[in-house]
Amino acid sequence: MREYLKFYIGGVWTDPAGNQTFDVVNPATEEVCGRVANGSAADVDRAVAAAREAFPGWSATAVPERIKVLRSISEEYDRRRVDLAAALTEEMGAPAALAGGFQVDLGAGHLSTVIEILEKYSFEEQRGATLIVKEPIGVCGLITPWNWPLNQTAVKVFPALAAGCAVVLKPSEQSPFSAQILAEILDAAGVPAGVFNLVQGDGLSVGAPLSAHADVDLVSFTGSTRAGIEIARNAAPSVKRVTQELGGKSANIVLDDADLAGNVGTAVATLMNNSGQTCSALSRMLVPNSRMDDAVAAARDAASQLSVGDPTGDVALGPVVSGAQFDKIQALIQKGIDEGATLVTGGTGRPEGLAKGYYVKPTVFANVTNDMTIAREEIFGPVLAILGYDDIDQAVAIANDTEYGLAGNVAGADAEQARAVARRISAGWVTINDAFDFHAPFGGYRKSGNGREWGEFGFEEYLETKAILGYAAES
C-alpha cells in the first residue's frame with residue numbers, strides 16, 4: 001500500500017501542519033490502496049510563501065536556462081514512465097495500455113510542445129514608440145482533476161514554469177499518486193527550490209484556501225462547473241486571474257456523406273476510452289434520420305466489442321473512478337430508460353462476470369431527444385446518446401442547444417461542407433474527422449469555462465501584458 005505523508009514545499013519534502021490523512025481506493029478492487037496526507041490552510045500558506053520567495057529569481061532567469069530545466073524534466077519524466085503508468089492504473093483505473101500509452105504520452109507531449117514554444121517566443125514587441133512586454137504573472141495556484149491526471153497537470157505546470165511563474169499544485173484527492181511521482185520528477189530534474197510546490201488534499205481543506213489566497217496571482221482549475229463557480233467566488237475578493245476548463249456535453253455531427261459505419265465505430269470507441277471520463281467527450285452523436293438504423297447497428301457492434309475488466313490486463317475499459325461516480329452514472333442510465341430513450345446495448349449494473357469494482361457497461365441509447373436528461377447532463381461515463389436530424393440547420397441547432405460549449409466534431413467526406421458546419425458549432429475545440437493538434441488552444445464557451453490551455457494560447461495565460469509608452473522616439 002502506498003503512503004505519501006509529506007508535501008513538497010520550498011524544494012524539500014516536509015511534514016504537513018496537521019495529522020489528517022485520506023484513503024485512496026483502487027476502483028478496480030474497491031479496496032484501500034494508499035494513504036495520503038490531507039493538507040490545510042497552513043500548508044497552503046507555507047507553499048504560497050515558498051513560491052512567492054522563489055518567483056523573483058525564477059522569473060528573471062534567462063530563457064535558455066528555463067529550457068535547460070524543462071529538458072531535464074523531460075529526461076526524468078521519460079525515466080519514470082513505468083512508475084507513472086502504474087500509479088494511474090491503481091489510482092483511477094486506467095487500463096494498462098491506456099495509462100502507459102496515451103495518458104503518459106499526453107504529459108510528455110505537452111512538455112515538448114511548451115519547450116518548442118519557449119524556444120521561439122518573443123516576450124517583447126515594439127509598436128511605434130510603445131514597447132509591449134509579456135511578463136510572468138506571478139504565483140499560480142493549480143487545481144487539477146482525476147480523470148486525465150498527467151494531461152491536466154502538464155497543461156498547467158509546464159507552461160507556468162516555462163513562462164517564469166512559481167506554482168502550487170493541488171491534485172485531485174482521488175488521483176494523488178501520479179502527482180506525487182511528478183513532484184519527485186521535478187525535484188530530480190533540479191527545478192529551483194520553491195518554484196514548484198505540491199500540497200495534497202481535498203477541495204475544502206486545500207482547494208478553497210489556495211483559490212482565495214491573496215498572494216496567489218492566478219488560479220487555474222479543471223473540473224466540474226459546480227466547483228468552478230465556487231473557485232471563482234473564492235478568488236473574486238483578490239481580483240486574481242481565474243482560468244477554468246469545466247464540463248461539456250459535446251456533439252459529434254455525422255454528415256450524410258460520411259462512412260457511417262466507420263465513423264460511428266470510431267466515435268463509440270473514442271467516447272468510451274478512459275471509461276467515458278473525458279470532459280470533451282462527444283457524448284451526443286447526431287446522425288441523419290434517414291440513416292438512423294444503420295448508425296444504431298454500427299454503434300451496437302462497436303460497443304459490444306469493447307472489453308471491460310481488470311485494468312492491469314488487456315482490456316479496453318477499466319472501472320470508473322469511484323463508487324460515487326458509479327452511482328451517478330447508473331442513475332443517469334436509468335433516467336434515460338425512464339424518459340423513453342431506446343436502450344441499444346448496455347444498461348444498468350456491472351458487466352457480466354464482474355461482481356466487484358466500479359465497472360460500467362458500455363451503453364448506447366438511440367431515439368434520444370435533446371430535452372432528455374441524458375442529452376443535457378454530463379454523464380462522465382461510457383454512455384452514448386444518438387440523436388437524429390433532418391438537415392444541417394437542425395443538426396447545428398441541436399449541437400448548440402446546450403449550456404456547455406467545450407468541444408465538437410464533424411465527420412464527413414466533403415471537406416468544404418465539414419468546414420462550413422464546424423464554423424457553426426458554438427464551442428472552443430471543434431475537430432473535423434477527429435483531428436488532433438498539441439498546439440491548438442483548448443477551452444470552452446459558456447459553462448464550459450474561460451481561458452485556454454494547450455499550445456501558445458495556454459502558455460500566454462501565465463503572462464501579463466505591459467505597455468511602455470514613449471519607449472522609443474516617434475519616427
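This is a predicted model: local features need pLDDT of at least 70, side-chain atom pairs count only at pLDDT 80 or more; totals for chains, interfaces and linings use all residues.
Student: In which sense do β1 and β5 pair, parallel or antiparallel?

Tutor: Strands of a sheet pair through backbone hydrogen bonds, in either of two senses. Here R2 stands opposite G34 in β5. Over three bridges, β1 and strand β5 (residues 31-37) pair in a sense that is parallel.

Student: How are α1 and α7 oriented to each other, oblique or roughly perpendicular?

Tutor: Helix α1 (residues 41-59) and helix α7 (residues 203-212) pack with their axes 8 Å apart, at an angle of about 45°. Roughly perpendicular would require 65 to 115 degrees, and roughly parallel an angle under 35 degrees. The two helices, α1 and α7, are therefore oblique.

Student: Among the residues of the contact of α1 with α7, how many are charged?

Tutor: From α1 come A41, V44 and V48, which meet S205, V206, P209 and L210 in α7. These residues divide into six nonpolar and one polar, and the number charged is none.

Student: What is the handedness of the crossing of α3 and α4?

Tutor: The axes of helix α3 (residues 81-92) and helix α4 (residues 96-120) come within 9 Å and cross at roughly 120°. The crossing of α3 and α4 is right-handed.

Technical notes. Residues are numbered from 1 along each chain as its sequence is written. Side-chain values use heavy atoms; hydrogens and water are left out. Axes are lines fitted to C-alpha atoms, for helices over the stretch in contact, and angles run from 0 to 180 degrees between N-to-C directions. Helices (H or I, at least four residues) and strands (E, at least two) are DSSP runs, numbered from the N terminus. Angles under 35 degrees count as roughly parallel, over 145 as roughly antiparallel, 65 to 115 as roughly perpendicular and the rest as oblique. Contact means heavy atoms within 4.5 Å. Ala, Val, Leu, Ile, Met, Phe, Trp, Tyr, Cys and Pro count as nonpolar, Asp, Glu, Lys and Arg as charged, and the others, Gly among them, as polar. A crossing is left-handed if the near helix is turned anticlockwise from the far one by less than a right angle, and right-handed if clockwise. Two strands pair if DSSP finds at least two bridges between them.
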